Amino acid sequence: MDGEAVRPGRPGRGYWFEELAVGQVFDSPGRTITETDVVNFAGLSGDYTPVHTDAEYARRMPFRRRIAHGMLVQSIATGLGTRTGVLEGTIAAISGVTIDWKAPVFPGDTIRLRLEVAELGASPAKRTGRVVYRAHVLNQRDQVVSEGTWSAIMLRAPRAAARPIETVAGEVQP
């Protein structure tokens, strides 16, 4: 997390593989985890574990109150990943994810995502490249609540999107 934060200035298009560099950092806006999020996620996933859904039970547990599902937090983090702007229209697929949970997230906490380009590599396809992002989810106190990696297949820039080359006569060549 040592890189300088970068905010994409191109709404509507993310970064092509060629525009990424190891060390680039992209921060998302924040998103508050609500009571409704926790209830809806329990219903959607079928995970009614009492530490998430039963306030009396949770009071007897180490955190003394209900916590958000870890996978709920990660699901929201993927949405925040799109809000960084880096992936918009330029990601082909997420090919792998690792997650280490570091601290609980409670209803009412606000989380944000920091993606750092950790590795760039070749892809079997000519139109894509492989990128490994370090993914850090932080709460409103800038405490890391989870971290891991996202392996992604990113699109390469189409030839038409490449910067034009000027000729001696001042004409632009594709």
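In this predicted model, the structure holds two aromatic pairs. In one of them the ring centres of Y15 and F26 lie 5.1 Å apart with their planes at 70°, so the pair counts as edge-to-face, since planes over 60 degrees apart fall in that class. This pair links distant parts of the chain, with Y15 in the loop between β1 (5-6) and β2 (25-27) and F26 in strand β2, 11 residues apart. Y15 and F26 are both buried.

The other pair, F63 and F106, is also edge-to-face, at 6.4 Å centre to centre and 75° between the planes. Here F63 sits in the loop between α3 (55-59) and α4, while F106 sits in the loop between β4 (91-101) and β5, 43 residues apart. F63 counts as partly exposed because its relative accessibility is 41%, whereas F106, with a relative accessible area of 9%, is buried. Over the ring of F106 sits the charged end of R65, 3.6 Å from the ring centre.

The largest nonpolar core has 29 residues, of which L20 and Y133 touch the most other members. Two or more residues each come from α1 (35-45), α4 (70-83), β5 (110-122), β6 (128-138) and β7 (144-155), and α4 gives the largest share, five residues. Leaving aside residues up to four places away in sequence, L20 touches Y15, F26, V86, V117, L120, V131, Y133 and M154.

As for the whole chain, four helices and nine strands are present, and 39% of the 174 residues are buried. Among contacts between residues at least 6 apart in sequence, 68% join residues at least 24 apart.

Note on methods. Residues are numbered from 1 along each chain as its sequence is written. This is a predicted model: local features need pLDDT of at least 70, side-chain atom pairs count only at pLDDT 80 or more; totals for chains, interfaces and linings use all residues. Side-chain values use heavy atoms; hydrogens and water are left out. A nonpolar core is a set of buried Ala, Val, Leu, Ile, Met, Phe, Trp, Tyr and Cys residues joined through side-chain atoms within 4.5 Å. Buried means under 20% relative accessible area, exposed over 50%, partly exposed in between (1.4 Å probe, protein chains only). Contact means heavy atoms within 4.5 Å. Rings of Phe, Tyr and Trp (its six-membered ring) pair if their centres lie within 6.5 Å; planes under 30 degrees apart count as stacked, over 60 as edge-to-face and the rest as tilted. A charge sits over a ring if NZ of Lys or CZ of Arg is within 6 Å of the ring centre and within 35 degrees of the ring normal.
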